[in-house]
Amino acid sequence: LVLADQGVCCIDEFDKMLDSDRTAIHEVMEQQTISIAKAGIITTLNARVSILAAANPAYGRYNIKKSAEANIQLPAALLSRFDLLWLIRDKCDSENDLRLAQHVTYVHQNSKQPPSQFTPLDTKLMTRYIAACKQKLPVVPETLTEYIVGCYVEMRRDARNNKGSMHTTFTSARNLLALLRLSTALARLRLADTVEKEDVDEGMRLLEMSKNSLYDEEEFNTRNARPIDAIYSIIREMSDPDTVRFDDARQRILARGFTPNQFEECLHEYERLNIWQINQSRTRITFV
């Protein structure tokens with residue numbers, strides 16, 4: 001972690017790590033430093049590093065009836081320090097299995113990668129681009145403060161409403177810090193000096209999709225069977241008492257991970273059903 005200072009450290013077999021090493025990672029992910037006391041030398045080393053870790057489920061198989069913490073058998077305090085958690089399950093699919101087997105056999109026979117269907121970017125170009133991104137230090141403008149706070153409050157409210165689900169991860173102030181880090185990173189990718197609202201929306205979408213990956217397919221489909229109905233429920237909760245500002249509703253919907261097309265489709269469908277009306281300037285939604 002010290003050698004990877006100001007870079008990325010990739011850790012495989014994260015679930016098999018010794019307890020002493022986990023304790024060191026706690027300090028790194030919290031304070032970006034490592035304290036060492038050996039041979040009479042006591043010092044603190046910088047470890048300003050991003051950690052990308054991969055872990056296998058306990059007993060070699062992921063049990064969808066248990067939570068992520070129970071499957072990976074890692075303490076929740078450690079998992080909560082990661083900004084994003086993605087569940088990648090090995091599902092039986094004849095098409096994907098065939099494609100994977102063909103790729104492996106081709107590499108085994110020819111000792112090289114199969115020909116790509118696209119032209120990859122030059123390594124030198126990517127190196128220069130990443131170096132340019134690292135030089136940027138975007139700032140969050142004061143105009144976005146209230147919007148970011150509203151996104152975090154919405155995350156907390158959503159976690160409270162879904163607290164009965166075992167797949168729901170705990171939402172704390174660390175998620176707010178994760179949103180700020182993701183938004184700043186997205187601004188860096190644009191080589192921008194200021195974080196925009198679109199960066200915050202994309203950060204919220206990543207956090208939402210990360211949580212959705214922890215649901216099994218049946219529960220995920222049930223939870224997202226009708227995005228239009230879910231959008232309607234969110235707008236209905238925002239009404240005070242029968243009116244919602246159009247921009248506020250759009251920001252809330254996009255922050256929850258829905259797309260602009262789904263938002264527009266919901267507006268059109270429920271307006272056609274005479275559930276609500278939208279004024280010509282599209283500034284206000286009024287329930288009938």
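Is Asp90 buried or exposed? At 63% relative accessibility, Asp90 counts as exposed (buried means under 20% relative accessible area, exposed over 50%, partly exposed in between, with a 1.4 Å probe and protein chains only). Welcome to this predicted model, in which local features need pLDDT of at least 70, side-chain atom pairs count only at pLDDT 80 or more, and totals for chains, interfaces and linings use all residues. Residues are numbered from 1 along each chain as its sequence is written, and side-chain values use heavy atoms, with hydrogens and water left out.

**The chain as a whole**
- The chain has 12 helices and seven strands (DSSP runs numbered from the N terminus: helices are H or I with at least four residues, strands E with at least two).
- Of the 288 residues in the chain, 32% are buried.
- Along the principal axes, the C-alpha atoms fill a box of roughly 75 × 50 × 45 Å.

**Around Asp90**
- Asp90 sits in the loop between helix 3 (76-79) and helix 4 (94-110).
- Together, Asp90, Asp93, Glu95 and Asp97 form a negative surface patch (patch residues have over 30% relative accessible area and no salt bridge; like charges are joined within 9 Å, nonpolar side chains (Val, Leu, Ile, Met, Phe, Trp, Tyr) within 5 Å).

**Aromatic pairs**
- There are seven aromatic pairs in the structure (rings of Phe, Tyr and Trp, the last by its six-membered ring, pair if their centres lie within 6.5 Å; planes under 30 degrees apart count as stacked, over 60 as edge-to-face and the rest as tilted).
- One of them is the edge-to-face pair of Phe14 and Phe82, at 5.7 Å centre to centre and 90° between the planes.
- Phe14 lies in the loop between strand 1 (8-11) and helix 1 (19-31) and Phe82 in the loop between helix 3 and helix 4, so this pair ties together parts 68 residues apart in sequence.
- Phe14 is buried at 3% relative accessibility, and Phe82 is buried at 15%.
- Ring pairs also join Tyr232, Tyr270, Trp276 and Phe287 into a cluster, where Trp276 is buried with a relative accessible area of 0%.

**Salt bridges**
- The whole structure holds 14 salt bridges (a side-chain nitrogen of Lys or Arg within 4 Å of a carboxyl oxygen of Asp or Glu).
- Among them, Lys136 and Asp193 meet at 3.3 Å, N to O.
- This pair links distant parts of the chain, 57 residues apart.
- Lys136 is partly exposed at 24%, and Asp193 is partly exposed at 48%.
- Another salt bridge joins Asp199 and Arg190 at 2.6 Å, N to O; Asp199 is buried at 5% relative accessibility, whereas Arg190 is partly exposed at 41%.

Definitions and conventions
Areas by Shrake-Rupley, 256 points an atom, 1.4 Å probe, with all protein chains shown as cover. Lys, Arg positive; Asp, Glu negative; His and termini not counted. Charge placed at Lys NZ, Arg CZ, Asp CG, Glu CD.
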